[in-house]
Amino acid sequence: MSRFIDLIVIHCAASPDGHLLGNARETAAQVIDRWHAERGFHRAHPSINPELTAIGYHYVIDCDGTVLTGRGEEEIGAHVEGHNANSLGICMVGTRCFTAAQWLALHDLAARLQDNYRNATLHGHREYANKECPGFDVADWVTGGCVPLCGHLFPESV
Ligand SMILES: [Zn+2]
């Protein structure tokens, strides 16, 4: 049974901009899973990735543009108080500035999800909570055509 989804909520990991969260031992999703376990999150009925026992997000986008899955889409997340039942959560690694690869991955993932969930609109966590999550205005990004947002592109050296 698929859930009714009308919100896609974007978050940031509040980690250093431009720094991969994943490493040789853990993926970014596994790192966030540890953080969420420490905060007491728990997945009641994992539909995918059963080794992740806590992660509240459905997707994580690391700085190299890798998209990792957390909870299954049919599984209610734990990422936006009061709106979890009808939403999907995407977490961008970093805080305010994201790599070109991350922006492209977010664009593609959002487009694919909106294809599958025709009623779904894109939002930032900070629209629902008094937080600076993510570190950019999602409405500005959508209005601009979902291209990297001015002032929020991580400057990469070649
Ligand atoms: Zn958030």
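How far apart do the end C-alpha atoms of residues 6-129 lie, and how much of the span is helix and strand? In this predicted model, in which local features need pLDDT of at least 70, side-chain atom pairs count only at pLDDT 80 or more, and totals for chains, interfaces and linings use all residues, residues are numbered from 1 along each chain as its sequence is written. Side-chain values use heavy atoms, with hydrogens and water left out. The end C-alpha atoms of residues 6-129 are 18 Å apart, and the span is 23% helix and 18% strand, where helices (H or I, at least four residues) and strands (E, at least two) are DSSP runs numbered from the N terminus. According to an unreviewed UniProt entry, these residues carry the annotation "domain: Peptidoglycan recognition protein family"; UniProt positions are given here in the numbering of this chain, with shortened feature names, and annotations may be inferred rather than shown by experiment. The UniProt annotation "domain: N-acetylmuramoyl-L-alanine amidase", likewise from an unreviewed entry, covers residues 2-135, over which the chain is 21% helix and 16% strand, with end C-alpha atoms 30 Å apart.

The zinc ion is coordinated by His 11 and His 125, each through ND1, and by Cys 133 through SG, at 2.0 to 2.2 Å. Donors are N, O and S atoms within 2.8 Å of the metal (3.2 Å for Na, K and Ca), and water is not among the atoms, so sites may look incomplete. Along the chain, the donors of the zinc ion follow the spacing H-x113-H-x7-C. His 11 lies in strand S1 (residues 7-12), whereas Cys 133 lies in the loop between strand S5 (121-124) and helix H3 (138-143), so this pair ties together parts that are 122 residues apart in sequence. Both His 11 and Cys 133 are buried, a term that denotes under 20% relative accessible area, with exposed meaning over 50% and partly exposed the range in between (1.4 Å probe, protein chains only).

A search of the whole structure finds four aromatic pairs, a pair being two rings of Phe, Tyr or Trp (its six-membered ring) whose centres lie within 6.5 Å, with planes under 30 degrees apart counted as stacked, over 60 as edge-to-face and the rest as tilted. Among them, Phe 98 and Trp 103 are edge-to-face, at 5.6 Å centre to centre and 90° between the planes. Trp 103 also forms a tilted pair with Trp 141, at 6.2 Å centre to centre and 35° between the planes. Because Trp 103 belongs to helix H2 (residues 100-116) and Trp 141 to helix H3, this second pair ties together parts that are 38 residues apart in sequence. The relative accessible area is 0% for Phe 98, 1% for Trp 103 and 0% for Trp 141. Together with Phe 136, these residues form one aromatic cluster.

In soluble globular proteins, nonpolar side chains tend to be buried together. Here the largest nonpolar core has 25 residues, and those with the most contacts inside it are Ile 10, Ile 90, Trp 103, Leu 106, Leu 113, Phe 136 and Trp 141; such a core is a set of buried Ala, Val, Leu, Ile, Met, Phe, Trp, Tyr and Cys residues joined through side-chain atoms within 4.5 Å. S1, S2, strand S4 (87-92), H2 and H3 each supply at least two residues of this core, and its largest share, six residues, comes from H2. Apart from this core lies another, of 14 residues, among them Leu 21, Ile 32, Tyr 57 and Cys 91.

Just after H1, Gly 40 takes a positive phi of about 90°.

The loop between H1 and S2 holds Arg 43, which is buried with a relative accessible area of 2%. A polar atom of the Arg 43 side chain lies 2.7 Å from the backbone oxygen of Ile 48, and the side chain of Arg 43 reaches the backbone oxygen of Asn 49 at 2.8 Å. A polar contact is a pair of N or O atoms within 3.5 Å; within protein, one must be able to donate a hydrogen and the other to accept it, and residues adjacent in sequence count only if both atoms are side-chain atoms. Pro 50, in the loop between helix H1 (28-38) and strand S2 (59-61), counts as exposed at 60% relative accessibility.
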